[in-house]
Amino acid sequence: MSHINKVRIIGSYLSPYVRKVLVCLAIKGIPYEIDPIVPFYGNEQFSKLSPLRRIPVFTDDKVTLCDSSVICQYLDDCYPSPNFVSIYPNDIVNRAKARWYEEYADTYMGDIFIWQYYNEVVINPFVWKKKSNQALIDHSLNIEIPKVLQYLEENVPKEGYMFGEDHVTIADISITCFFRNLFLAKAKFDVERYPITFSYINRILSLSYFQSLNPFEKISFATPVSNHREALTKGNAPISNDTFGIDKPTPGAFSNRTAL
């Protein structure tokens, strides 16, 4: 398509919501450039593009979009995949179920995995220089995350992908994206208690769509936020020439819910 090289993503490789969009771009074979900002570090122009100061932000020569679910649906509608593979099931019932799993991941898993655990282990100490709330970390690991794991243990497939499809769908992608953050933060799990879930997650993460992002995620995780662009450029990430980033983090109305 004529505008395929004009796709830009604004947002950090460490965001599960950005990851979801990048995986969909990889499935579609769409090249992109990325302004790898953490939303707390967005300037006023970023606020105009994303009024809630959330990531990812997607732009092409037709539209600017600020919600990962909306972006993924747009990609599926507007950019045909190789072999015409859709990231949504063809069956109407399964398509509705896939959207439910996406919503479950983006809201419920996002709240527990990111804002109860990852926020306390990574974001608060390294962005805001605040002491982690150990009680909240323990509660998420011992109470809340096991609830998610048990639900998934009863619903994800023992083999293959959701709904018997021969390729991943938005359900597989959305669920798996959040586990990557827990693994980066070295969360400890009772893997033997949830063998189906962890076999499923590792199976999805082993796909090239996810593996291709690993180097950029590791660079971002190991590098101070202010140095992300430089480090990622050296790591051959497709970094944009300009940025909406600033040097110091700025709290906002949605500082604790900035990546949807």
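A salt bridge here is a side-chain nitrogen of Lys or Arg within 4 Å of a carboxyl oxygen of Asp or Glu. The model is predicted, with local features needing pLDDT of at least 70 and side-chain atom pairs counting only at pLDDT 80 or more, while totals for chains, interfaces and linings use all residues. Residues are numbered from 1 along each chain as its sequence is written, and side-chain values use heavy atoms, with hydrogens and water left out.

**View 1. Salt bridges between domain 1 and domain 2.** Three salt bridges are counted between the two domains. Asp-106 forms a salt bridge with Lys-20, with 2.8 Å between the closest N and O atoms.

**View 2. The two domains.** Domain 1 (7–86 + 212–235) and domain 2 (92–208) follow the domain assignment of the protein, an automatic or database one. Contact (heavy atoms within 4.5 Å) takes 22 residues from domain 1 and 23 residues from domain 2. Their C-alpha centres lie 20 Å apart.

**View 3. Buried area.** About 1,900 Å² is buried between domain 1 and domain 2, 60% of it on carbon and sulfur atoms. This is accessible area (1.4 Å probe) that two parts lose on being put together, summed over both. In domain 1, the residues that lose the most area to domain 2 are Tyr-17, Phe-40 and Phe-221, together 29% of what that side buries.
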